[in-house]
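Please read them with the coordinates open.

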Amino acid sequence: MYLPPVVREITRVAAEHPDAIAVTDGVRSVSYAELLQLARQVTATLVEGGVGEAQVAAFPGVRSIGSIVTMMGILGAGAGYIAVDANSSERSKMIFGEVGVSAIATGLSTAGSAEGWEFVPGRGKRWGEARAHPAYAIFTSGSTGKPKGILVSHDSLAWHARAIRIAYELEPGDRVLHCSSLLFDVAIEEIWPTLAAGATVVVLPEPLGNLSYDRATALLSDLGISVCNIPSSYFAGWVEHLRTSPLPSSLRLVVVGSEPLPGSAARAWLGLEQSAGRRLVNAYGLSEATVTSLIYEVQADGGEDACVPVGRPLPGIDVLIVDKSGNPVSKGVTGELWLAGEGLSMGYTDAIADGGKFVTRRDSGSPRRWLRTGDLARWDGAEISVCGRTDDQVKIAGHRIEPAELLAALLNLEQVRDARILHLDGELVAFLVGRQQSYQDVLGSLARVLPSYMFPTTIKWLAEYPTTSGGKVDLAALGAIYYEVAARRDLTVDGLAEVWTSVLEVPDVKFSDDFFDLGGNSLAAARVISALRRRWDAQCTLADVFSSPRLEDFVELLVSRGQMVGDSTGLREVEKVP
């Protein structure tokens, strides 16, 4: 039976350090010897069911010890895995059909593995040629209105684990935070390089987007995290919080990515006295090229301005920056970034999804496969900077989103007659025509076909769309509708409390209540900020909510900025906002 290189490497580590902790969630821990034992049970079950090389098995994508055991067991069978969102039933069915999964885990047990399997005899597809079989499949947002499945081979996964282990200097003593969703490929970078290095994967008990900066900092410290990988948008707010909060002493490396890293955030990090001697790395990559292809080590003398460079390619990756005709451009000239090398994926599960993303060109007379990233980039000296897109794709909270897929999902809703999507102030805004429903009702319908990170932050129902003189939808007028602020009135505590109760769907809030303890998350925080901006022209940011999650602290923040009427003194004596 074929044993993939990542499994071979982890097996070697387990033989050398059997009692070392491989995975922990802060409550339960699994040693390397136990990880192998549990994973081999999964492998045996799959092999007995006829699952092996060139096939794919699915499991519920819940961040847990059990998920890591299950993934390891699937890889041990020579097969590939795919994590699916159990809350998006229709999307999961589509994925099962397109990937042609051979087995589906019915759940994850507390013992640390899949508790049951449903085998799909005769229906499972076989992928790849020779040893170029999938290690995992992952779906990203698609420009055609449906998600795109990507297959990554065992060899590419092994390349990534090796390259990242070396680049991040991972060692057995490291404790690496696993905070990304398993539906997002950053989780791959959190797990496999860590285990291949003999270090410990520390599973964050709750989503990062549900944590205030205070809570996140405390958890990093309590869990003894030495390496963490977080979205740039979260890092930008967190680093400001660290001006008045101690950085966990165990933390030696922070990796940021998934979105452009603002130069101001990098400078703020370098300006922290406590950041001395700790690494900050800006990582860039796509799912089609196995997570990360380029990295940049933020330096004190880097002189970053608007956005931090993405740096240089990892060993085994080659880059080109080309013009619209595919010809390389000179240094300092903007063009499209192309990637080639060991990290390139096998391609898409549906050939139609390719759309010319993978191309073959002759380099030195030999044909070579390249990935067109769709990102505009340029050489800035010896480093590469990314400076925009060639298409409509946007990145929100670290996720690549094609507005066309959200648009297609909205148009499929019975109550929606027409829909338009705009990307405004870093959020997706949906303008709908049809039978008006509440925001939560629309999201409940979307949840069957989309992951939550693709939900619009704001929905505006209209009787009809404004049109241009030529009869087309006037997108500029839609933007004006979104930004329109009613006759300026003063923001009061009652008004702020009304927004919280509406967004969080709670009957009332107390001044001591914490936004996240009441069920808030990053999407809910974005809705609060949007409502405050539209109703009162109050200029707040997501970082404000994460840094001041208690209602009392948020009120004091707004009062101090002169954006709220009232006196912040004596708020502690107020029991409740009606």
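1. Asp-380 is partly exposed, with a relative accessible area of 32%. The model is predicted, and in it Asp-380 forms a salt bridge with Arg-378, where the closest N and O atoms are 3.0 Å apart. Arg-378 is also partly exposed, at 27% relative accessibility. Both values fall between the limits of 20% and 50%, so neither residue counts as buried or as exposed.

2. Glu-464 and Arg-417 form another salt bridge, with 3.5 Å between the closest N and O atoms. This pair links distant parts of the chain, 47 residues apart. Glu-464 sits in the loop between strand E26 (458-462) and helix H12 (475-483), whereas Arg-417 belongs to strand E24 (residues 416-424). Glu-464 is exposed, with a relative accessible area of 54%. Arg-417 counts as exposed too, at 54% relative accessibility.

3. A network is also present: Glu-9, Arg-12 and Glu-16 are joined into one by salt bridges that share partners.

4. The count of salt bridges comes to 17. One of the pairs is Arg-91 with Glu-405, whose closest N and O atoms are 2.9 Å apart.

5. On the backbone, which residue other than glycine has a phi near 55°? Glu-169 has this positive value. Glu-169 is placed in the loop between helix H5 (154-167) and strand E9 (175-178). With a relative accessible area of 47%, Glu-169 is partly exposed; the value is not over 50%, so the residue is not classed as exposed.

6. Val-291 is not a glycine either, yet its phi is positive, at about 75°. The residue lies in the loop between strand E13 (279-284) and strand E14 (294-297). Val-291 counts as buried, at 6% relative accessibility. Glu-169, by contrast, is partly exposed, although a positive phi is found there too.

Note on methods
Residues numbered from 1 in each chain as written. Predicted model: local features only at pLDDT ≥ 70, side-chain atom pairs only at ≥ 80, totals over all residues. Heavy atoms only, no water. Helix = DSSP H or I, 4+ residues; strand = E, 2+ residues; numbered from the N terminus. Buried < 20%, exposed > 50% of the residue type's maximum accessible area, 1.4 Å probe, protein only. Salt bridge = Lys/Arg side-chain N within 4 Å of Asp/Glu carboxyl O.
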